[in-house]
Each structure stands twice: as C-alpha cells, then as structure tokens.
Amino acid sequence: MSDSLLASNGIISTRLAGKVRFLDSRPDEQEKGITMEASAISLYFNVVSPSSSRDYLVNLIDSPGHVDFNSEVSTAVRLCDGALVLVDVVEGVSTQTLTVLRQAWVENVRPCLVLNKIDRLITDLQLTPMEAHQHLQHLVEQVNAVMGMLFRGDLFEGDSEVAAAATGAAEGDNATPLEERVFDWNLEDKDDSQIYFAPERGNVVFASAMDGWAFSVDQFAAMYADRLGMNEAMLRKTLWGEYYLDAKNKRVVGYEAGKKRLKPMFVQFVLENLWAVYDAVHINQYAPGGMG
C-alpha cells in the first residue's frame with residue numbers, strides 16, 4: 001500500500017509497487033519481507049471535484065504490522081491525525097487488527113478502514129460478486145464489533161470512576177459498600193453513531209494495493225448520478241447495504257421489496273463491473289484461446 005501511494009507521486013514505478021518495498025530501507029526488513037521500523041515520507045495529492053481543486057501535503061508514516069513491533073506502531077500513532085487500518089479481506093480480522101484499532105482509539109486518532117486484496121476474492125477464492133458482497137459486509141460488521149467493544153469498555157471505565165467518586169466509594173471508613181454503589185451504564189443514552197465504519201460515511205476504502213487501485217462509494221455515486229438521473233447524495237447512502245434499484249420505476253427500494261428479484265446496488269453497479277474487468281484482463285488471458 002505504501003509503495004502504491006509512493007508510485008502516485010512518481011517516486012517509484014507503478015510496476016514496482018509492492019516489490020521494491022521502498023520504505024523498508026533496512027536490509028533485514030528487505031530480507032524478511034516485513035516492516036520492522038516505522039518510516040516517514042511526504043506525499044503531494046491534488047483532489048479535484050466538480051467545483052474546486054485542492055492541494056494537500058500528506059506526511060505518511062508506514063508502521064509495522066507484526067505484533068512484535070507494537071511499540072513502533074504506538075509511537076507512530078501519537079504523531080498522526082488519522083490512520084489507515086488495513087484488513088486483508090481473505091485473512092479477515094486478526095488479533096493485530098484489534099490491537100491497532102485499540103491503539104488508535106486510545107490516542108484519539110480517527111481511523112479509516114481499508115479492505116485490501118479484494119483482487120484475491122476474484123482470482124484466489126473465485127467468489128461471485130454476490131458472495132463477495134456478503135463477505136465484505138461480514139468483515140465490516142466484525143471490525144465494527146471491535147469498535148463497539150472499545151466504546152463500551154471506555155464507557156464502563158469512565159462511568160465506574162465517576163460513580164465511585166459520586167457515592168463516596170473511595171477507600172476509607174465511610175466508603176459505600178460495593179453492593180450499594182450505583183453505576184450508570186445505560187448505553188441507550190450514549191451516542192456511538194460516529195465511531196463505526198460505514199462506506200456511505202466515506203471511512204471505508206476498497207482496494208487492491210498490489211494492482212494499484214482503490215475506491216470509495218463516493219466515486220461510484222458521482223459516476224452513476226448523471227447516468228441514472230438520480231441524486232448523488234442519495235446514491236452515496238444506498239450504494240452499500242441492502243438497497244436495490246427498481247429500474248422499471250426508477251427508484252431505490254429496501255430489503256423486503258428487492259430481495260427476491262433484484263441484486264443489491266453495490267453488487268450491480270460496483271462489484272459486477274470490477275469482476276468483469278478482472279475476467280477480461282486477468283483470468284481469460286490464461287484460458288484456452290486467450291491472449292496467453
């Protein structure tokens with residue numbers, strides 16, 4: 001992923017992205033094929049929208065992913081405003097994923113979820129677009145379960161301290177007995193809507209770093225808004241999840257109305273197109289009669 005970002009700035013060739021491991025500058029890192037020490041580099045990005053163009057200078061810190069180098073991750077997180085948390089869509093959520101999310105949570109760093117190696121769902125696992133959609137939904141739910149756990153743990157820790165102070169539960173002769181303490185752990189009153197990953201909120205990226213591409217649902221919403229004659233903001237909210245396009249009536253319908261006869265919009269407008277590209281340029285070239 002770091003190599004792909006560097007290639008976008010012309011620092012290395014796109015053909016060498018993933019092979020050079022440019023930020024793994026130590027000989028032992030190159031030999032073992034893992035990042036052992038955090039490295040930093042500044043990258044330039046120009047973001048173009050229909051109404052404006054903005055330039056950004058992004059300071060990228062490539063930190064280790066291996067559990068033995070968590071101290072390097074902790075140091076890197078303290079220097080950052082945001083974090084790209086990569087999840088291998090084949091391997092799924094790992095113990096290290098939980099560790100990295102916890103480190104970002106503790107340091108109050110806003111994470112962005114990158115579902116990487118989506119190409120392997122096509123070439124290795126040979127999933128259909130519908131199966132891949134279900135698999136990706138499950139991964140997002142798993143990561144969000146981790147975020148919910150961190151949120152609840154933070155609440156319980158904070159509320160118990162407040163409750164103990166409010167009821168005089170500190171150690172001493174006048175301490176309130178444990179069975180009489182009151183802890184306000186009513187999660188229904190706590191707003192946790194901003195902590196979860198949701199593609200429609202723009203904090204989930206689908207990627208194949210090895211093949212040098214990544215996208216969010218925002219890009220497909222902008223692409224299809226004019227073609228379908230639909231509102232871009234509405235498309236952004238419905239391109240992920242159990243939403244279906246009723247082409248006959250030109251409207252988006254929910255799960256109950258569309259589950260029996262329609263494909264989810266993410267499958268129809270995103271994954272099927274992606275699968276078609278890989279089928280044409282990657283899979284069929286090795287088939288009998290293909291380009292070879």
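The model is predicted, so local features need pLDDT of at least 70 and side-chain atom pairs count only at pLDDT 80 or more, while totals for chains, interfaces and linings use all residues. Residues are numbered from 1 along each chain as its sequence is written, and side-chain values use heavy atoms, with hydrogens and water left out.

**The chain overall**
- The secondary structure comes to 10 helices and eight strands, taken as DSSP runs numbered from the N terminus (helices are H or I, at least four residues; strands are E, at least two).
- Of the 292 residues in the protein chain, 36% are buried; that label means under 20% relative accessible area, with exposed over 50% and partly exposed in between (1.4 Å probe, protein chains only).
- Take the contacts between residues at least 6 apart in sequence, and 56% of them join residues at least 24 apart; contact here is heavy atoms within 4.5 Å.

- Helix α4 covers residues 95-106, 12 residues in total, and its first and last C-alpha atoms are 17 Å apart, close to the expected 16 Å (1.5 Å times one less than the number of residues).
- Its buried residues include Q96, T97, L101 and A104.
- N108 follows α4 and sits in the loop between α4 and β4.
- Phi of N108 is positive, near 60°, and the residue isn't glycine.
- N108 counts as exposed because its relative accessibility is 70%.
- K117 also has a positive phi, near 65°, and its place is the loop between β4 and α5.
- With a relative accessible area of 35%, K117 is partly exposed.
- For context, most residues other than glycine have a negative phi.

**The second largest pocket**
- The second largest pocket holds about 400 Å³ of space.
- It has 14 lining residues, and V109, R110, P111, Q194 and I195 are the closest to its centre.
- A pocket, on a 1 Å grid over the protein atoms alone, is an open set of points where a 1.4 Å probe fits, with protein on both sides within 12 Å along at least five of seven lines; lining residues have an atom within 4 Å of a point.
- The volume is the space filled by probe spheres set on the points, which are joined across faces, edges and corners.
- α4 and β4 (110-116) are the elements that give two or more residues to the lining, and α4 gives the most, with three.
- The lining splits into nine nonpolar, three polar and two charged residues (nonpolar is Ala, Val, Leu, Ile, Met, Phe, Trp, Tyr, Cys and Pro; charged is Asp, Glu, Lys and Arg; the others, Gly among them, are polar).

**L113 in strand β4**
- L113 lies in strand β4 and is buried, at 0% relative accessibility.
- Its C-alpha is 9.9 Å from that of L101, 12 residues away along the chain.
- Beyond four places in sequence, L113 touches V85, V87, V143, F197, N203, V204 and V205.

**Nonpolar cores**
- The largest nonpolar core has 44 residues, and L115, L136, F206 and F266 touch the most other members; a core is a set of buried Ala, Val, Leu, Ile, Met, Phe, Trp, Tyr and Cys residues joined through side-chain atoms within 4.5 Å.
- Among the elements giving this core two or more residues are β4, α6 (129-166) and α10 (265-283).
- Leaving aside neighbours within four places in sequence, F206 has contacts including L115, L136, W213, W240 and F266.
- Another core lies apart from it, with seven residues, among them A7, L23, I41 and L43.
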